[in-house]
Each structure stands twice: as structure tokens, then as C-alpha cells.
Amino acid sequence: MTSNEETTRKRGRGGQTVKGVTRPDPEAAEPEFRPWAELACRLYDELYATRPPAGRPGINELAKATNYAGAMISYVFSGKRRYSWQVFRAIVRALGGRPGEWKARWDATERRHREETRLRGLLPLPGLDQDAAVPDRAVGDWGSPAKPPIRRMSRWLAKIGAVAFTAALEAVLVMLALTLPAPGSYLAGACAAALTALLGRWWLRRRANVSHRRRLKLLRMVRDKAGKEAARAQAYYYLIPRFTLLDEEPGGKKRGSRPELIRTDTTVTDIRALFEQGGDELTLLADAGLGKSAQLAKLAHALAEEAIAELEAEPGHPGRPLPVLLNLATYRGEAFEDWLVAEVHRAYDHTPEQFVRTWLADDLLLPILDGLDHVPSAHRRECAAQLRRFRRQAAGLVLSCRNRDVQLALTVDTALRVELARPSRQDVQEYLIANPDGLAPVREALDADTGLWPLLQSPLMLDIIRLTYTGRPADDLRRPGSPAERRKRLFDAYLAQRLQGHPNPYAALCRLTWLAQTLTTRGEQVLYLDRLDLDWLSPAARKVPRAATGGAATITLWIMTVGWMAVAIHTGAIQARLPDVALLAGITVLVTCCQIVISERLADSRQESPGKAVVLNIPAILIGGAALQRIDWGSQGVILALLIAAWGYITTMEGGFRPVFKPVERMRWTWRPTEFLLYSPRNQALVRGTVATLLNVVKALLFGYAFHLYFPEPVWLPYTATVLLVVIYLLGNNFEPSLDDDRTRPNEGIRRSARYALAHGALNALIVALALLLLVTLSTGHLDTTPAWLLAALFAGLYGLARAFRYGGLALIQYWTVRLVLTALGYIPLRYQRFLEDAEHRILLYRTGSGFTYPHRLIQEHLDTAAREEDPDTFWQRLPDHS
């Protein structure tokens, strides 16, 4: 007796039973789950019962083969519950079936179950025969279970807002209707009530369908992005793709050895059909330059079109999974679900993460992932392990990888593994014949040397050959060598051809090789011009940007303070000597600059510490202290200047807890800024609290002293002004900047940062000035011109500078100093955007959104290898026709 027989065998004293799988009985199942019982019955008859009795796996064996619990397998064959496609697909695969053939059956069962559940949930209306046909419900009626919940509070707020709006509009219309003579007034009132009721119902439906609209928006973005990628990649290929099915040889894997792969040719040339054959799971393998990315873009475009058509035809239908085309190059070892949510949010116009997580939980996301080989080597194995775990519970998965990492890609264990084959010789001949005049030299070289075939059997190489040798002799192709050497010479010829006519081709080549080397070192493929920061510089080259950003706020603050003091002393509004204030400003700037220089030198020697930097700066502090003995410390101007300096320093310290050096591309006001949500030792809550307390104390002293100096009466005015300015500062602190990867033009982030810095600084200055002038006018009954305007100008300038520097100003200073340093080192020209656009025109770079990337990763790797293995002069000399 075996465990596969449909009998029972006792194990041990407890009488634990081990059963084989029994045939489901659809008639015994509840009406709600009868469709699922019928599907399980078909699975039993077609895949399970056709096996010999000795070869039929039991519940435990199926559980082990599918990595699901035995209880889950029992539920599937019992017909007592609905089961997901992931569980059903795993059982089909374990029984030797093709998931693609069973996917349509599972979809039909899901539609039937949903339709029967919906009809059973309808309550019969009065006077309606229960046997009569029930019309379809409008989307949103009775809380359709097809819509994932967004937020309970948001739904209630939307309902309350809709009711309030409807009531207000109805009241207005009724009041207008009452002005008409009877009986027209009654008719107008009834029409107004009906109209407002319809508006309210429409608004509630619109709010209920927010997830549906979000899905359509995401699908349209995927369709447009994938369509552009596929059109660009296949603009000049004219090649029909050929695929080879890959499978591991049964029993061919020995311990410690790699499995043998069986290759089976297929006549299928459409990746969409292969995706269906694999049951929504597919791994695409190929050598570099054969068009993996183009095939994934075609698949994403086709799936997005189908999903859009289905959602538009059936708005209440949950729809098929949403395909999202992503590149794995940004993966850095985190949980795959977290990376997926963040990447969809970043790549598709900041799609809200709560929607993405809801779709992921409901199996409505289908990741189409390009470039497992693009993941940094340190995280590649972890990425494969995360994908293997994710595949068991996802709606589907598509992955591409180079053949060199085929063993790692096979560990993901998708249902279908496909290799994109090289174009045949006939394909190459047809491609060359399509351009008989321009590519005649290439055909002649191919006829003379058959060793060129491996080089030409690549869509990328054919496109590069077309761009390089159209109408030109192909002497470089006739030179003997290995395929790798010939490919290297072909890339050199391509670069030389593209750089012809450039005013300084040598400098352009050096800058392109530096960019390729830097992007490869950083593990990136796209250059965003507005993302140039300190990471693009060597540690020694970071001194100037750090010094500029560190001293900019101090120098600007003192320039403003000295200028304001000069006006105040000249008008007689304040008693002080201007040389005292100027000397204090000069000594403060000198000590600050010395501190910055010393800190940078200690950072270079890896001995940076605030205490040591202060100790080394003691000579400058002592010299400054000796010079400051001549200052009258009791004068009003000096005390005010000291308070202003304290304000500036502590405000700078507070800004150190915020990302002030990143471009400000979006800004929103929030009650709870992100950086203050969590309090822990890592977030330095104690230091933040101390800095905030010091800042409030200094602000209170500065505001109170200044107002008491100029407006001692009434007594409450200084205190009121202090509270008002502190509240304005705290409210302005809750603006939260963020980055935006969906930019329309190159360097748009820096342009937005400049606009935000000017607008935010000017708006804060205007609010402070108007608030102070209004407060003085209301409290004194008149506006004393000189003191009131001077105080308004002082505090408006302080607030405006603080906000402008924090929200975009410091990012601008750091960005431009980094650009200037890179220009001084010869890595980029002064007009870098013009250089990048010219390289795009020469097809040396490609524009993607607001970034620039190389036309193919192989070109980036070629330039990176040249930059690492030889100096620029040697690389330049070996280019053909470099002169």
C-alpha cells in the first residue's frame, strides 16, 4: 500500500492519515464555490487521473512540489473555497501541465464566480419579479467588492463634502426659485432638488472610481513609455526575432555541477504568445545587443493596450494585472516589494505608493524587469533570491538577462525560459540588400571574409554598421582578428564617424569616456544634469563646493546686516558706530572661513572631528579676539548684530537636519514633515531638540530686543511681535521639498530650485513685512515711518534669506560650484547641456526624459574599458581617421 492510493494508512498511535487526492464533487459544493470545484475536477481528470496509480502524488508530495501548505492543496481539490491563480498554476506545473493552457480556464472561472456573486448580492426591488433578468448595477453602487479600499477616512470626507456641496447648491437654487411666481416656483424648486441630487450622486461615484482612474493612468503611461522604447530600438532593424526554448535536462544535474540545458527551436516569433504560453511567467535570455530591451518594451506595450481596452469596456471589472516596465539597475539589496513600490512611484509620474501597495496585495501588478545583469554584482544574487520568492505569490513575472548570467537567471525558476537567438545569415543578407548602395562595401567585405558573420549577426551591430559605413569604404571590417577585436574596432570606427565635423573631437571623446567611466562606477546608466553633486567629485576636489556652501550663508547674512546697519545709523534710528559692526562682521567671516578650510583638510586626512577643528582654529580666534577689543560692546548696533549672527548660525545648524543640498522640484506644506516623524538616537532627537530650543531663545531675544528698542510702548507690542514672528517661522518650517524624476527638460530641477528659492524667499519676506507693519499700525494708531519700515526690512530680509537658502538656494550654490570644478578639471565643458544635446544629435547619446544615456550599454562599456585601460592620447590615436 502506497501513499498515492486512494486509501488510508495509519501512522503511529495518533492515527494520522495520509491520503491521496480525491476527485472533487461539484454537486456537493456550495453554489458560491461550484465554479472552482468544476475547474478542480477538470484538473483532476486531465492531469491527475491520467497518471498511473503508482505515479500519482499525494497531498504532501504536491505541497512539497508547489511550496504551498498541504491544507491549501486540499482546499483546491475539495471545492470549498476560491483559490488564486498562483496556487492553481503551481499545481498545474507540478502535475506536468502547461500553465498557459489553463490560464484562460482560470480566468473564465473567475469571471463566472464574480458574476454569480454579484447577482446573488442584489436585493430585489419592490414590484420586480425575482425570476426576471436583473440589470447590471452602476459602478460604485452598494460598495462593489471589485474596488480596493483606498482610505476609510478619505471616503467619509468625500461623502461629507459631497453632501455639503449638494445642500448648499440646493439652498441657493431654492432661494432663487422662491422669487418666481407660483406655480413656477414649485417646479423650479423640484428641478433644483433633482439636479443637486444627481450632482451629489455623480460626485460620490467619481470618488468611488478613483482606483479605476489611477489604473488607467498608469496603463497609459506604461503604454506610451514602452511604445517609445520599442519604436526607438527597432527603427532600423528590419529583423524578425527568433526564439529558442530552454529547459534543464531531467536528471542531468549532478551535485556541485551546473545543469545541462536543452534548446528547442520554436516557430513563435511574438513574445506576447510566449508570455501566454508561460502562464504569465517568462525569462528572456540573450547576448548583449540582440534586442532584449526592445522585446520587453513590445510585450509591455501589448499588455498595456489589452488592459486598457478591458478596463474601458468594463469599468467595474478588476481587470487583468497592470504591466509595469522597470529596469533592475537601481536595485540595492532591499526587499523586492519595497523596491517595486518605490520604483513604480518614481518611474511613473509619482503614482501614490498606497495605490501601488494595494495593487500588489491584490495581485494586480505584473513586473516586466529588464536587466538582471544590470544589478551591481554585490546585490545580484540577493536580487535573484528575492525574485524567486516573489514569483511564488505574484500575478506574473517577466525577466531579462544576458547569457553570461544564465545560471543565476535560471534560479528564479519561471515557468518558461526563452533565449533570443541571433539573426540568421539570411536575415543579415536581407538587411544589407535593403540598402544596396550605402552598404555595398559591407557586403563585399562579408563576401571576402566569412569570419565577419559572428559580428554582423546582431541587430545592434547592424545598426552601428549602417551608421558608420553607409556610403563609406569598410576597410576596418576587412582587417583580421577575433570577434572581440573586430567589435572593438567597429566601435572605434563608429565613434570616429560620429565625431567628424566636431570643433574639438579629442575633447569630446575625453568627456564621453569620463562620463561612461563615472556612470559605470556609480552603477548608473542615465545622466541627469541637475543631479550633479559632490559624489561626482573626488574627495580632494570637494573642498571648493563645501567651502562655498558653508560660507555662502554667513557672508550673505553679514553683508545684509552691515548694509542695514549703515542705513539705520545714517537715519539716526540706531546708536552705533558702523566701523564696529564692520569689524565684527569681518572677524566673524574670517574665523568661519578658517574653520571651513581646517575641517576640509582634516576630512582629507580622515581625522575630521569638530573638537580638533576648533583647536586648530584657536590662532585665528585669538587674533580675532584681540582685534575685537576695540569694539564698543554696549552699543545698540553691536548687540543687535550679535543677535543676528546667532540667528544665522543656529538657523544653519537647524538646516543641517534637512536635505538642503538636493534640488527642490516639488514642494508641499504638511503638519508633519518627514524628517521629524521618527524620533530615535539615529535621528539625533536630543540634538534637534537642543538646536530648536536655542533657536527659539535667540529668536525671542532678537525680536524682543529690537521691538523694545524702537517701540517700548505699548508694553505688550514686543511680546506680541515675538509670538507672531515665531509662529510664522514655525509654519514656514513645515514645507517639505522633494525630487521629481518626471521632468520635461534637461536641468529642469535646477531651474525649479531657482524659482522656488526666489518665490519662497520673497513670499516669506513679504508676509513678515506686511504682518509687522500691520501690527505696528494697529497697536500705535499710526505708522512711524523710519523704525517700522527698518524693522520690517530687517526681519523680512532675515526670513527671506533663511527660506531662500534652505529651499533651493544652497542646492544652487553647490550645483554650480560642482559644475565649475568639473569644468576646471576638464571633465565637462562650461556649456555642458549644449555639449550633451550635440552628442545626442550625433547619436552618441540618447535622450530619455530629462536625462541622457548611451544608445546601448555596450557603447558605455566600450568607452569605460578604454578609459580604464589606456590614456586618452592612446585611445585617440587608435581611432581611424582621428586627424
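The following dialogue discusses how to read several features of this predicted model.

Reader: How is the angle between two helices to be read, and at what angle do α11 and α12 pack?

Author: Angles under 35 degrees count as roughly parallel, over 145 as roughly antiparallel, 65 to 115 as roughly perpendicular, and the rest as oblique. Helix α11 (residues 336-347) and helix α12 (residues 353-361) have axes 9 Å apart and pack at an angle of about 130 degrees. The two helices are therefore oblique to each other. The crossing of α11 past α12 is right-handed.

Reader: Which residues of α11 and α12 meet?

Author: From α11 come Glu337, Asp338, Leu340, Val341, Ala342, Val344 and His345, and these meet Glu353, Val356, Arg357 and Leu360 of α12.

Reader: How do α29 and α30 cross?

Author: The axes of α29 and helix α30 (residues 785-824) cross at roughly 165 degrees and come within 8 Å. An angle over 145 degrees counts as roughly antiparallel, and α29 is accordingly roughly antiparallel to α30. Here, too, a right-handed crossing is found, with α29 passing α30. The contact of α29 with α30 comprises 22 nonpolar residues, seven polar and one charged.

Reader: Where does histidine 760 lie, and is histidine 760 buried or exposed?

Author: Burial is judged by relative accessible area, and a residue under 20% counts as buried. Histidine 760 belongs to helix α29, which spans residues 748-780. Its relative accessibility is 6%, so histidine 760 counts as buried. Leaving out residues up to four places away in sequence, histidine 760 touches Met667, Gly732, Phe735, Arg803 and Tyr807.

Reader: What is there to note in the backbone of asparagine 747 and of aspartate 413?

Author: The angle to examine is phi. In asparagine 747, phi is near 65 degrees, a positive value in a residue other than glycine. Aspartate 413 likewise has a positive phi, near 65 degrees, and is a residue other than glycine. Asparagine 747 is placed in the loop between β12 (735-738) and α29, while aspartate 413 is in the loop between α14 (406-410) and β9 (417-420).

Reader: Are asparagine 747 and aspartate 413 buried or partly exposed?

Author: Asparagine 747 counts as buried, at 7% relative accessibility. Aspartate 413, with a relative accessible area of 37%, is partly exposed.

Reader: How far apart in space are glycine 849 and proline 746?

Author: Separation along the chain and separation in space are to be read side by side. Glycine 849 and proline 746 are 103 residues apart in sequence, and their C-alpha atoms are 7.9 Å apart in space. Glycine 849 sits in the loop between β13 (846-848) and β14 (851-853). With a relative accessible area of 46%, glycine 849 is partly exposed.

Reader: How many residues does the largest nonpolar core have, and which have the most contacts inside it?

Author: The largest nonpolar core has 68 residues, and those with the most contacts inside it are Leu218, Leu328, Leu340, Tyr348, Leu369, Leu372 and Leu387. Helix α10 (residues 292-313) gives the most to this core, contributing nine residues. Apart from this core lies another, of 65 residues, including Leu239, Trp514, Leu534 and Trp876.

Reader: Which residues is leucine 328 in contact with?

Author: With its neighbours within four places in sequence set aside, leucine 328 is in contact with Phe336, Trp339, Leu369, Asp370, Gly371, Leu372, Val375, Cys383, Leu387 and Leu399.

Methods:
Residues numbered from 1 in each chain as written. Predicted model: local features only at pLDDT ≥ 70, side-chain atom pairs only at ≥ 80, totals over all residues. Heavy atoms only, no water. Helix = DSSP H or I, 4+ residues; strand = E, 2+ residues; numbered from the N terminus. Buried < 20%, exposed > 50% of the residue type's maximum accessible area, 1.4 Å probe, protein only. Contact = heavy atoms within 4.5 Å. Axes fitted to C-alpha atoms, helices over the stretch in contact; angles between N-to-C directions. Left-handed = near helix turned anticlockwise from the far one by under 90°. Core = buried A, V, L, I, M, F, W, Y, C linked by side-chain atoms within 4.5 Å. Nonpolar A, V, L, I, M, F, W, Y, C, P; charged D, E, K, R; others polar.
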